[in-house]
Amino acid sequence: MPVKPSFILHTGDITHLSKAEEFDTAAEVLKGLPAPVHYVPGEHDTLDEGGGKLFLDRYGKGTKGNGWYSYDDNGVHFVALVNVFNLEAGHEAKLGADQLKWLADDLSAVSSSTPLVVFTHIPLWTVYEPWGWGTEDGEQAIAMLRRFGSVTVLHGHIHQVIQKVEGNITFHTARGTAYPQPKPGEAPSPGPMLVPSDQLRSYLGLTSVNIVEGGHTLALTDATLV
């Protein structure tokens, strides 16, 4: 990267099958990154017999509940939300009452003029309900964010760039780094897309968030791995 980032946000699915050896491999790869990493789990990180214990043992220290937390950096308040536990077939994800109460308490101490960055795995808003691409009680969390002047909500899960702007809230879902998924409704299921190998890196990528002190709008830049 031309500019070393202050830190990196991982929006989940560190592993594919929640196996200890997969977490070990990921740790070896990620320790080479040039900045600290802040994590939230994806549903693929909670498949172990302990229901996410392997993820929480590694990345849950100092967090609340199933791994949610917040911190401040350079005048921006960052909130990590978790919506991948207790998933039900045919239903969207859930944050749950305990996490929503924690979020209300956490935000009560934050000024409305403070920029917010919220990151979670499954989109808080409904991208495509038939595939479970949304969060049933996400609107309750979104309602708490509306009083802030600048809110950026980052998601993983769907492996493609989809953005929505609602008032002062920008919802942004990044590309995956493993494999692409089809656009909503353009395939029978959201399984991995098979693409020509010479095109694969054009489907994969990262999103950068740039913070300029004194301003309230956070700049989002998507880049493929090409």
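Visitor: Is H159 buried or exposed?

Guide: The model is predicted: local features need pLDDT of at least 70, side-chain atom pairs count only at pLDDT 80 or more, and totals for chains, interfaces and linings use all residues. Residues are numbered from 1 along each chain as its sequence is written, and side-chain values use heavy atoms, with hydrogens and water left out. Buried means under 20% relative accessible area, exposed over 50%, and partly exposed in between (1.4 Å probe, protein chains only). H159 is buried, because its relative accessible area is 12%.

Visitor: Where is H159 found?

Guide: Strands (E, at least two residues) are DSSP runs, numbered from the N terminus. H159 lies in the loop between β6 and β7. H159 is not a glycine, yet has a positive phi of about 60 degrees.

Visitor: What is the phi of H157, and where is its place?

Guide: The phi of H157 is positive, about 75 degrees, although H157 is not a glycine. Its place is in the loop between β6 (151-155) and β7 (162-166). With a relative accessible area of 12%, H157 is buried.

Visitor: Which residues does T221 touch?

Guide: Contact means heavy atoms within 4.5 Å. Not counting residues up to four places away in sequence, T221 touches L206, T207, S208 and N210. From T221 to S208 the C-alpha distance is 5.1 Å, while the two are 13 residues apart in sequence.

Visitor: In which strand is T221 found, and how does its accessibility count?

Guide: T221 belongs to strand β10 (residues 219-224). T221 counts as partly exposed because its relative accessibility is 39%.

Key:
Helix = DSSP H or I, 4+ residues; strand = E, 2+ residues; numbered from the N terminus.
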